[in-house]
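Let's take a walk through a protein chain together. Keep the picture beside you and follow along as we go.

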Amino acid sequence: MSLICLDGRRMGWLNTRERFEAPEWLRGIMEGKGGGGEGGSGGGNGGEGPREPKQSSVGPVAAGAATGAAFGYESQEDDDRDEERIARDDQMMLLTKKMIQIRSLLQTIGQSETLTLPSIVVIGSQSSGKSSVLEAIVGHEFLPKGSNMVTRRPIELTLVNTPDAHAEYGEFPALGLGKITDFTQIQKTLTDLNLAVPPSQCVSDDPIQLRIYSPNVPDLSLIDLPGYIQVVGRDQPADMKEKIAELCEKYIQQPNIILAISAADVDLANSTALRASRKVDPRGERTIGVITKMDLVDAARGNDILTDRKYALRLGYVGVVSRIPQPSTGLFKRGNGNITSAIVKNEHSYFSSHPTEFGPEASVSVGTTNLRKKLMTVLETTMASSLKSTSEAIQSELAEATYEFKVQYNDRPLSAETYLAESLDAYKHSFRQFSETFGREEVRSLLKTELDQQVLNLLAQRYWNKPLQDLNTPLPEADPLSELPKADPEHPLWTLKLDASTASLTKLGIGRLATTVVAKALQAQVDRLTATSTFASHPFARKAISEASTSILKDLSYDISDELEICIKPYKYRVEVNDAEWSHGRENITGVLKEELRVCEGAVKDVENEVGGRKRLKDVMGFIDRVRGGQVVLEGDGVGGAGGFSASLLRRGRDAVFLRDRADIIKMRLLAVKSKQCANRKNKYYCPEVFLDAVADKLTTTADLFLDAELLSKFYYSFPRELDAKLGHSLSKDDIERFAREDPKIKRHLDVVKRKDLLEHVLKEMDALRALEAREVRRGGNRGASGERKRKEGGKWSLF
Ligand SMILES: Nc1nc2c(ncn2[C@@H]2O[C@H](COP(=O)(O)OP(=O)(O)OP(=O)(O)O)[C@@H](O)[C@H]2O)c(=O)[nH]1
């Protein structure tokens, strides 16, 4: 049956739905895609198809064709319905479906006592057959089994009829496990979730939400609760009985419907479920009595129970035989297959063999199929009558959320997607700004500073070397420094010295060194940008950005360092320096030496402060000088202290002497570099500082050109694209949501927006439903037949 109304127009709810464009995430929930997996078609298509659960392939129809209709486990009875009746039934089923969807939506908003639509709550003693009844309704074994009190948490079960789908599957919306088609897996997950409640706590009121999508289930919302126990085991907490009773009592309050399960072989007077329901529903208006194990008592007794007047229930009793038959005949296999038809067939064979007690004349309701139908009808009407109060509760919640949105967030809309997109744009923008300020010049300056240090090291090793390892008098060898100003270019010592120093510089591994220096600078800049961006409070994004830059730089560096090494290869054999280069080198090294001098003098000052003042340092340095000059002879090696100075003071004194000597050398070399002699490149042996600087400059020029073209350009091109890939299209909706919620401020903002949207949406849905319901009631009022049916079914229900 389609949704086309009798007068040919589309039904109101669909109209409303088409007019209101819900956000995508919301549509996901409405379409039954709640917990990360995709929902079945029946969850959201508005029921544009037959709404009754399909019969399983091995149905009871053939077996029960003759007498089945009388017992209600035969589903073909509706074939007799006239068109108008079918249309109206479909409409009511659609209402229930939508109400159940709204119920699920309200669940996502959060547990609130007023903010919910009624559900069917299943209570019963342990072993009364609760699980068997629920599984018969669902058509699958999926509930936890075992003797160790395996139901410890409420299970909020939403059944979604998916008429056009074939697949049957479950989803745990809160766990995001996606669709689970294997019902033994659902059973295992439920068992694990229940057993996670420690035995000492025995029960928890934190519900497990489970949705089951199938063409064979009716649209229902059921809550399974731990079974009442009579006696507390020795290893169980003493207050367990009370705790279970309290939990059940909490759930069986208005407006929920109570499904009180009692076994036929236990006297109804002793039924804990009926006793508990009486407490909260003394007039028996919202309790359905289910009598299980009808096959365990004789038929006459069974009939007596079902017509019981002592515990009269307006919604009546239904007798069932919901035990799953043993798979001896090969008719069906236990496990993952659908068990409905086997159960119904088994029931049929039992009830039909006692026509006097359970036949049409007996006026009793029996069979799982009848139970299902009763549940649907009752839920439908109960939900419909709750629409008004729930919609008022939603209105007041919405008013609160709207106020918070206005006051706290100035009505600024936000979604995880826009937040990510804006953050990414801002980040890429600041990266582009950086790339415009970091080019060849900056690379050059970085490299030159690095090579200046290498030159200073080389000079210290090969020309200025005056080691100060111990306190011994230095050997009377010629001081190379004092010889340097008169270095003879013909003497192999000086040629070798300069050639070796130049070779050390050119064979330093410039390719790798320069690439590493620039890559590190780029990485540091990326890290700085991240630290000052909105991504700073998002560990996931920080990691993704850092990984993006590291991997690009690593990939690029590998080849670039080799290629650069090849570029500078000619300098490894011969370096020619022209006049301009020489004078530029002279100028540059002067600056480098001055800076080095400043650093040396600063370091001496630091030592001075460390040892407790200038005078103290001067004393110890004077002592070291006298020892080195041979004026004072040490006993021993001075390791444990000497001359009244502690070992550590002597150590710091030696550092200061070294720094002072180095500063002296630098001053001396500064004078040399400035001298006329060093103005001419022919005197390169006298002025290795200038020559090595010029070599370093040549290497830098080659490297900066190459790195600018190869490393910078390629990095500037690839990095933003890699960011798009890592933080853009490759992320799923869930990833984006998780990302945005890493920042507590954004999470709060998103929560308010989402809550508000959801409440607005639910309210619209509710209004549409209420309008539809009102129209149905008006129609119903005009139809004597349906009015009659309404009265028969309890009078109180407004929809029939
Ligand atoms: N003969 C018969 N046995 C049934 C029927 N329904 C359930 N049983 C059996 O009764 C036992 C208990 O059934 P369950 O469905 O597990 O009962 P429960 O109330 O869920 O039990 P707990 O999970 O322990 O609370 C099982 O061995 C079922 O096979 C029935 O209609 N007839």
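What you're looking at is a predicted model, where local features need pLDDT of at least 70, side-chain atom pairs count only at pLDDT 80 or more, and totals for chains, interfaces and linings use all residues. Residues are numbered from 1 along each chain as its sequence is written.

Let's start with the sheet. Nine strands make up an open sheet with mixed pairing, and their order is S3-S4-S2-S5-S1-S6-S7-S8-S9. Strand S3 (169–171) and strand S9 (365–366) sit at the edges with a single partner strand each, so one side of each has no neighbour in the sheet. Two strands pair if DSSP finds at least two bridges between them. S3 and strand S4 (residues 208–214) have three bridges and run in the antiparallel sense. Within that pairing, Tyr-169 has Tyr-213 in S4 as its bridge partner.

Most residues other than glycine have a negative phi, and most peptide bonds are trans. Ser-127, in the loop between strand S1 (120–124) and H6, is not a glycine, yet its phi is positive at about 65°. Ser-127 has 15 other C-beta atoms within 10 Å, so it is partly exposed. Ser-363 also isn't a glycine and has a positive phi of about 50°. You'll find Ser-363 in the loop between helix H12 (355–358) and S9, and it counts as exposed because it has 10 C-beta neighbours inside 10 Å. Then there's the peptide bond from Gln-254 to Pro-255, which is cis, with omega near -10°. Pro-255 belongs to the loop between helix H8 (240–251) and strand S6 (257–263).

Next, the ligand. Around the ligand are 17 residues, and Gly-129, Ser-131, Ser-132, Gly-227 and Arg-323 come nearest; to count as near, a residue needs its C-beta atom, placed from the backbone, within 6 Å. Helix H6 (residues 130–138) gives the most to this shell, with three residues.

Finally, the helices. Two packed helices are described by the angle between their axes and the distance between the axes. Axes are lines fitted to C-alpha atoms, for helices over the stretch in contact, and angles run from 0 to 180 degrees between N-to-C directions. Helix H20 (residues 579–611) packs on helix H21 (residues 614–628) at about 105°, with the axes 7 Å apart. H20 is therefore roughly perpendicular to H21 (65 to 115 degrees; under 35 is roughly parallel, over 145 roughly antiparallel, and the rest oblique). Val-607, Glu-608 and Val-611 of H20 meet Arg-614, Arg-616 and Leu-617 of H21; contact means C-beta atoms, placed from the backbone, within 7 Å.

Helix H14 (residues 416–437) and helix H23 (residues 688–729) pack at about 170°, with axes 11 Å apart, which means H14 is roughly antiparallel to H23.

Back in helix H20 sits Ile-589, which is buried because it has 29 C-beta neighbours inside 10 Å. Ile-589 and Val-690 are 101 residues apart along the chain, with 6.2 Å between their C-alpha atoms.

Definitions and conventions:
Helix = DSSP H or I, 4+ residues; strand = E, 2+ residues; numbered from the N terminus. Contact = placed C-beta atoms within 7 Å. Buried ≥ 20, exposed ≤ 12 C-beta atoms within 10 Å, placed from the backbone.
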